[in-house]
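Good morning, colleagues. Please look at the structure as I bring it up.

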Amino acid sequence: MEPITTVWMISSMLGGCLANRADSVLCMGTNKLYKRILDRIEEPANHHIQRAIRKSYLQACYVATKFVLTEHSAWEIKSKNKLNKIKRYVEKEISRVHKDDTYIPDSVLDTEYRELLFPKEESSAARKSEIILKLKQSIIEEIEGKGYEVPAILQKVIHEGWKEKERSFDFYALICAFFTQELKTNTNVARLIQTEYLDHIQMDTEALRIETADLKEQINVHFETYGEILPKLDLLLDGVDQLKDGQQNLQNQLEDLPQKTAEIVLQGLERNYISHAKEVTLSKQYTSQLGQIEGFKTQLDALKAQKIGLETAMQQVDETTKSVLSQSLANVEQQIHEAFEKKKAAENELNEFIANVIALAKQLKESNTMESSRLSKAKELFANGDYERLEEVLNEQEIDQEIAAFKAKANALANELTLKAQASLVNRSDNWYERTERLYKKALGIVENFNTTYNYAGFLATNKQNSTALSLYERALNHCDTEEQRAEILYGLGRMYRAIHESGKSEEMLSEALKITTKLAEVEEKKFLPEVLRINISLGALLRNTQRYEEAQERLNEAIYRIDCLKDGRAKSYLAQKANALNILGHIKVLMKSFSEGKSYFESSLEIYDELYAIDRNKYGSLRAIVLGNLGAALQYLKNFEASKAAYKEALAIHQKFYSANERAFGPNAAVVLKILGGLYLETREFTKAEKFLTDALTIYKQLMVSNPETHKISYCEHVGLMGNLFLELKDYEKSEKYLREAIELQRTQLDTNSSLIQEELAYNLTDLGRLYREKEDLDLAESTLSEALEIRTKLSQDFPDKHLMVTAETLDELGILFHKKQNLQQAEALLLESLRIKNEVNEQQAKIYQADVANTKIQLGKVYQELQESKIKSTEMIEEAIATLQSLPDNPGNRQQLELAYSLLHDEGPIP
């Protein structure tokens with residue numbers, strides 16, 4: 001490729017000099033230039049010019065490759081290796097350009113260049129970019145022709161340029177800058193270009209009158225742009241040459257070694273693990289193995305000579321003798337194969353030995369900061385190549401005794417730090433959390449055992465640092481000495497997997513823990529029964545979370561039954577477990593829409609916790625507050641709002657007391673109750689109070705997100721959506737849209753995990769956002785948003801009908817109202833009738849809860865029927881039914897507002913704005 005590169009380099013400069021003259025003149029000159037180079041390819045004058053041009057584009061290639069390597073450090077190792085190989089190739093070629101007296105090109109001339117130089121209807125200057133493109137491509141092809149793959153990023157840099165420290169670089173301009181430097185420092189090259197090329201191609205072409213000065217003028221502008229970086233590159237390449245000289249000195253040490261072995265030793269020398277090849281070649285093992293290889297070589301040489309003799313003899317003997325010799329030849333060839341395999345195996349064994357010696361050298365070098373009498377002796381023996389005595393000096397029995405003493409001391413110190421951490425938890429002075437965590441971490445740093453991992457994990461789990469706690473529990477599993485310890489860790493893992501919503505893994509861990517503790521309880525019931533109950537209750541809670549309500553109730557009822565069957569007053573010892581089981585059972589009933597049953601379970605649980613709370617407020621206060629919150633939820637579903645508010649407020653007072661002492665552990669509880677209270681006041685349309693509680697909850701959630709985003713992301717998204725709903729009710733559309741869109745965007749990023757839970761909350765927020773767009777008269781956007789919400793809820797209601805059918809009806813209502821607004825009355829009617837069908841088909845107990853919702857759908861249908869002229873009677877029927885229902889319900893702001901709307905529609909006053 002070299003003559004072609006020279007042609008394109010000088011042709012590109014000619015194109016600039018010829019400017020607006022016809023392209024045919026450039027093509028004529030370039031063809032003459034090509035023929036001139038071809039005719040004089042072996043002459044020294046041509047080589048001088050080629051070297052100058054070659055050095056210029058190789059230097060530009062070096063700069064480009066170095067830029068890519070420096071600026072793309074995150075690239076995969078394969079690309080970096082390819083780039084490093086290209087860089088080394090370019091360095092070597094630049095060194096050759098410096099030192100060679102002549103240059104003989106490696107590749108055949110590419111005559112296809114002529115196809116690109118047929119004249120076109122354009123100017124010489126306009127053709128220049130096409131020539132430069134070919135120049136760049138010929139450089140890439142040269143590198144690829146040497147067997148190197150040019151990564152796409154380097155090709156892009158060569159073709160399009162790059163930016164480094166706010167400075168733009170162009171590959172061709174850089175070549176010109178380097179070539180200008182050659183012309184300035186080597187006037188002989190400038191003279192040769194004029195006499196050998198320009199004068200020759202001008203002899204028969206009147207249109208061409210070009211001097212070397214014209215070429216210099218064309219490219220000098222590039223030299224002025226990049227001039228100050230060119231000397232720096234020369235210094236850098238001088239350093240490369242020095243490095244190569246140093247590597248050659250190292251290579252000289254390896255002349256007596258087999259090639260593969262020499263490569264291994266060279267790596268050790270380059271990485272500074274050894275300082276001289278003799279360090280790994282003076283042992284008797286090495287000498288013995290090298291002798292074996294030499295013996296196999298001698299044997300192979302003799303066998304090969306024997307083979308040649310047999311083959312020569314076979315050409316000179318009769319057929320009978322040839323047959324005999326043929327068998328002998330086959331035997332020799334088999335011996336050659338066996339000797340070769342033995343030699344190969346011996347070489348591999350030698351290489352493995354050398355590699356292991358270098359690894360030993362590396363370890364000894366890294367032991368420089370450590371000192372003992374054994375280590376000192378080992379280093380001395382290594383220097384003498386006495387590896388057998390080195391192994392003996394490092395006496396394992398002595399080392400084991402010292403390890404045992406160290407471990408005992410380390411365990412004692414780690415235990416003291418762990419005890420100090422636990423004492424810090426008891427005292428709770430300023431910065432107690434940071435101090436306690438630091439102590440646990442320090443203990444773990446001294447020694448990792450069951451004590452340090454399990455206690456640290458428990459501390460993190462209590463303070464809701466779920467991901468880190470999970471990791472430590474997994475590590476603790478490797479340090480269990482007893483089945484009891486294993487069950488403890490499995491229980492902890494089950495809790496953590498449940499906390500991060502990995503239900504399958506949680507169930508696996510808890511089930512295994514239950515199997516172990518049940519077996520242990522058969523031998524020591526008093527000791528292990530509490531663990532059996534605790535794990536059964538945790539499994540019940542997990543099964544509740546995965547909507548396996550029947551299985552969950554079986555687990556929980558089994559735990560309660562086992563407690564109630566205990567004799568001699570022992571049941572009193574398990575009152576806390578019974579209260580917890582009753583609380584979870586109540587929650588399951590609420591999820592199953594059996595709100596009255598749920599309320600009864602919560603009241604039974606609360607009765608036990610009241611008794612325990614009177615004995616120990618610190619231990620049972622938070623648990624009692626959780627049940628109060630759940631009772632408040634059941635009362636809220638039963639529309640007993642005042643009793644619900646009272647339960648929530650009592651729960652909040654307790655949670656806030658604990659929150660002030662430990663924000664990480666009790667912040668989530670306080671935030672949940674604040675959020676629920678805000679939602680309750682939102683439902684009763686007391687917006688000022690709703691905003692206060694929800695804003696307070698948001699403050700806590702933001703703090704929790706800063707300290708532990710992974711644990712609290714789902715709850716935070718849910719609350720942000722509720723904030724959007726609040727401002728929607730307040731008609732503050734700007735704030736509402738901001739919160740709803742933030743919640744939706746965060747939830748979309750979490751759809752791969754916790755899918756049903758995230759989809760449920762996403763559908764709530766999409767429904768609210770659709771309603772917002774409807775109220776802002778952005779009806780098409782409202783339709784697409786509500787349609788997405790309906791699609792999600794329809795799918796969820798197929799999988800979990802009890803939980804999602806009623807909220808699906810809510811979205812159908814919103815879409816019905818939207819189509820009414822868009823005057824698509826038939827579609828509005830169909831959607832509202834489908835909503836009414838769902839609401840009328842729920843069980844009797846749920847029907848009582850959702851009477852107001854049924855009435856609201858009937859009012860919306862009444863409004864649609866008013867505009868469908870033939871349906872006036874239907875309208876009146878629907879509105880009268882709604883009024884009768886609303887009059888039977890408790891008086892609250894929501895019911896009152898709907899009742900006023902119904903009356904206004906019935907008296908043809910039109911809807912209230």
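Which residues do ring pairs link into a cluster? The members are Trp432, Tyr433, Tyr440, Tyr456 and Phe459.

A word on the basis. This is a predicted model, in which local features need pLDDT of at least 70 and side-chain atom pairs count only at pLDDT 80 or more, while totals for chains, interfaces and linings use all residues. Residues are numbered from 1 along each chain as its sequence is written, and side-chain values use heavy atoms, with hydrogens and water left out.

Searching the whole structure gives 14 aromatic pairs; rings of Phe, Tyr and Trp (its six-membered ring) pair if their centres lie within 6.5 Å, and planes under 30 degrees apart count as stacked, over 60 as edge-to-face and the rest as tilted. Trp432 and Tyr433 form an edge-to-face pair, because their ring centres are 5.8 Å apart and their planes stand at 80 degrees. Both Trp432 and Tyr433 are buried (under 20% relative accessible area, with exposed over 50% and partly exposed in between, for a 1.4 Å probe and protein chains only).

Phe595 and Tyr637, by contrast, are stacked, since their centres lie 4.5 Å apart and their planes at 15 degrees. Phe595 belongs to helix α26 (residues 595-615) and Tyr637 to helix α27 (residues 617-637), so this pair ties together parts that are 42 residues apart in sequence. Helices here are DSSP runs (H or I, at least four residues), numbered from the N terminus. Phe595 has 0% relative accessibility and therefore counts as buried, whereas Tyr637, at 37%, counts as partly exposed.

Technical notes
Helices (H or I, at least four residues) and strands (E, at least two) are DSSP runs, numbered from the N terminus.
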